[in-house]
Protein chains: 2
Amino acid sequence: MKDVNIGICGLGTVGGGTWEVLQRNARLIAGRAGCNLKVARVASRRPRPDLGLGDTPFSTDIYDVIRDPSIDVVVELIGGYDEARALVLAAIAEGKHVVTANKALIAVYGNEIFNAAREKNVIVAYEAGVAGGIPVMKAIREGLAANRINWLAGIINGTGNYILTEMRAGRAFDEVLKEAQDLGYAEADPTFDVEGTDAAHKLTIMASAAFGVPLQFDRAYTEGISRLTPYDISHAEALGYRVKHLGIARSREDGIELRVHPTLVPEGNLIAKVDGVTNAILVDGDAVGQTMYHGPGAGDEATASSVIADLVDVARVVASGSDQRVPYLGFESEAVTDHQILSADEFRSAYYLRIQALDKPGVLAKIAAILSDQGINIESIMQKESELHDGHIPLILLTHTVLEKQVNKAISEIEALPEVEDQVVRIRAENFL
Amino acid sequence: MKDVNIGICGLGTVGGGTWEVLQRNARLIAGRAGCNLKVARVASRRPRPDLGLGDTPFSTDIYDVIRDPSIDVVVELIGGYDEARALVLAAIAEGKHVVTANKALIAVYGNEIFNAAREKNVIVAYEAGVAGGIPVMKAIREGLAANRINWLAGIINGTGNYILTEMRAGRAFDEVLKEAQDLGYAEADPTFDVEGTDAAHKLTIMASAAFGVPLQFDRAYTEGISRLTPYDISHAEALGYRVKHLGIARSREDGIELRVHPTLVPEGNLIAKVDGVTNAILVDGDAVGQTMYHGPGAGDEATASSVIADLVDVARVVASGSDQRVPYLGFESEAVTDHQILSADEFRSAYYLRIQALDKPGVLAKIAAILSDQGINIESIMQKESELHDGHIPLILLTHTVLEKQVNKAISEIEALPEVEDQVVRIRAENFL
């Protein structure tokens, strides 16, 4: 049986997991791939004596992997932007295939990397970058290839979903975040997770493969969960919704919505029931309808599972000497369109609004008039006398679907009313119909 | 752009859907596949003037498709066993690739078909045969290739799941079945669906790809849902479980469990929340942990989505003149093992038991002694005085995990007790841990 030589760059959590699974399941993986996936070289700034690399050549200079002419596939697991970009471009220049778990790299530098790879006719695979162990890129790029994908929506950051799940019990964001950090779910600097940057990276990649457009991370709208309160979460539940931090990509006639934000989801929808650190992605295609992919979005061996699935794909191509390539983003480059990414003003959504208003006659009428002037219809309304505080009372509204700029205009006018205190709380709501 | 010539055999529900989607999304699919998926010939016993085949050559003799030398891929959508087998073997003999939605064909004749295809080096793809539009075979064969798969469990018959969902409201099996037939969900002869044959076909295929064993449909254990009562469904719910008709395949040291039967599933598990005609498959792998795949398990265009995904895979290979093949069952033939399929006696499961016993002192002690003698521990027990009837009262037990033959032995002894009326109701329960 032929060997396909793999060089691993980076032995952190995912690198270590990849090494372990490749050793443990070597025979089984060879039986599937039709060749041996042999780790022929490993490089990492920090050695990992715990892994027992044995005779496998090891160096602290990651470029040793690129320079080794025996290496067929370079696995980039060093993370970050610039160093990873340089490494991957160098690997491609040497004619090596690349497998990466680096979502930031692909979302930001993917177009450049894929162009370079196309010229050298090498594969760049990145399943592990999106939703950890869930083979969702394979589903979008291959399994759903028959479909015009209408939209997709995903819980694609486990840390954020863990925090939101815990906040349902009435606990404050800061408290749960600290706990998540203590448990190792959240990084010391949690910005990437809780402000939606990480989710936006993954969403950008999924959207490009779903709709056949170039990667445009800088056009993604991102709103975090740090300002959410248990108060709004519980009132959303009273209206029949769960609050989830979703990445949503929707293709419309006039452009593509690309947005990450807290979202009210009907409690009957399966994705509303996805709790804790898991990920789930719902995809709506014109032929298949809705399919959902659910599983661990992070973890050493879960992510390694996707890294190795990509390696098996590459190995099957290498071993057969084949020229057969699934296009980088699932579409041949000539089929990629420049369908524009829409600005937030153009989003269409329903909205949960919480307005802190004086409890006196006529206020509701004024608010209703403002909404009506903007063409905003109200789906449901909730007001609790028991929550009267300093003469003010929260008014909670759920609108029908409307353009975001109209909601924003209405909110400014409502905030300008003398009877209204504080800013209006606004959370988007989706019905996924 | 190159054409890949497709011949469709059978223009029923799925055939019609495949034609429609291939026309509607032709440009988009070509953009993904890198070649045109051209329907070059269609054959069907019954013409379908409603489809508007235009200039596409049509005949009522399906073998015209095989005989047409321009056809690269034959799509078998005629269904059934023998005729489909003959057609597929004839297509392979002509060196044509085959795409089929026929689970019965693959489950029963798959070994023979794959052997024939291997000799001619052609692809036989069957994603549409398992779980309709959900790309679960791609997940098992490719996306989870790194994993030793421990088990998989699926709701893989939409009709059955619809019936069970409706029975939760206290409605009887027969009544709901009739409604499902009126709605077109269930066939006039519902045996295949409700007795588990259809699910066993799909389970057999998934298990072979998961574990690398030959297809052994005749070894699958099958138990239907027709004898389930709303009474047991509601008592299972009182214990914190939902009843689902699951196909379960589990790899053990001593063999493989391959079984379709009503199953108690903990209500907190996502698969317990899958209602109505949808399908869902939970897969447990040693590296990734648990992933779940959810979506429409039937329907014209949903199934067509999978047929076309297979066509795109084949077309990429044909268009690149490649020799690269994903093995039929995900494992190279040399890697397929003969790990035995276990008999039902060897199943390990927990059990829900309902015993109709005389309400008098000492009966519970006798039953407990029988269970204890067989090494069966009781997880929970429920008895309602309010349900006393003719001096008898139902005793509901949930056991810990145990070998089925021990449970069967205990049940015979319990049924032999003079204080026990009727047969003991036995439903398996799984915790998926």
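What follows is a set of questions and answers on a predicted model.

Reader: How do you know which residues and atoms count in this model?
Author: Residues are numbered from 1 along each chain as its sequence is written, chains are lettered from A and ligands numbered from 1 in the order in which they are written, and side-chain values use heavy atoms, with hydrogens and water left out. The model is predicted, and local features need pLDDT of at least 70, side-chain atom pairs count only at pLDDT 80 or more, while totals for chains, interfaces and linings use all residues.

Reader: What makes up the domains of chain A?
Author: Domain bounds come from an automatic or database domain assignment. For chain A the assignment gives domain 1 (3-133 + 300-335), domain 2 (136-295) and domain 3 (345-429). The centres of domain 2 and domain 3 of chain A, taken over C-alpha atoms, are 25 Å apart.

Reader: How do you know which residues of domain 2 and domain 3 of chain A are in contact?
Author: Contact means heavy atoms within 4.5 Å. By that rule, 19 residues from domain 2 of chain A and 19 residues from domain 3 of chain A take part. Buried area is the accessible area (1.4 Å probe) that two parts lose on being put together, summed over both. For domain 2 and domain 3 of chain A this area is about 1,700 Å², and carbon and sulfur atoms give 58% of it.

Reader: Why is the pair A:Arg354 and A:Asp232 called a salt bridge?
Author: A salt bridge needs a side-chain nitrogen of Lys or Arg within 4 Å of a carboxyl oxygen of Asp or Glu. The closest N and O atoms of A:Arg354 and A:Asp232 are 2.5 Å apart, so the pair meets the definition. Across the interface of domain 2 and domain 3 of chain A the rule finds three salt bridges.

Reader: How many residues and how much area does the contact between chain B and chain A involve?
Author: Chain B gives 57 residues to the contact and chain A gives 58. The two chains bury about 4,600 Å² between them, 55% of it on carbon and sulfur atoms. In chain B, B:Arg32, B:Arg316 and B:Gln324 lose the most area to chain A, together 15% of what that side buries.

Reader: Why are strand 12 of chain A and strand 12 of chain B called paired?
Author: Two strands pair if DSSP finds at least two bridges between them. Strand 12 (residues 289-296) of chain A and strand 12 of chain B have three bridges, in the antiparallel sense, so they count as paired. A:Met292 has B:His294 as its bridge partner.

Reader: Why does the salt bridge of A:Glu346 and A:Lys405 tie together separate parts of chain A?
Author: The closest N and O atoms of A:Glu346 and A:Lys405 are 2.9 Å apart. A:Glu346 lies in the loop between helix 12 (300-319) and strand 13 (348-358) of chain A and A:Lys405 in helix 14 (residues 404-415), so the pair ties together parts that are 59 residues apart in sequence.

Reader: What makes strand 3 and strand 6 of chain B edge strands?
Author: Chain B has an open sheet of six strands in the order 3-2-1-4-5-6, with parallel pairing. Strand 3 (58-59) and strand 6 (124-125) of chain B each have a single partner strand, so one side of each is left without a neighbour in the sheet. Within chain B, strand 1 (residues 3-9) and strand 2 (residues 36-43) pair in the parallel sense over seven bridges.

Key. Helices (H or I, at least four residues) and strands (E, at least two) are DSSP runs, numbered from the N terminus.
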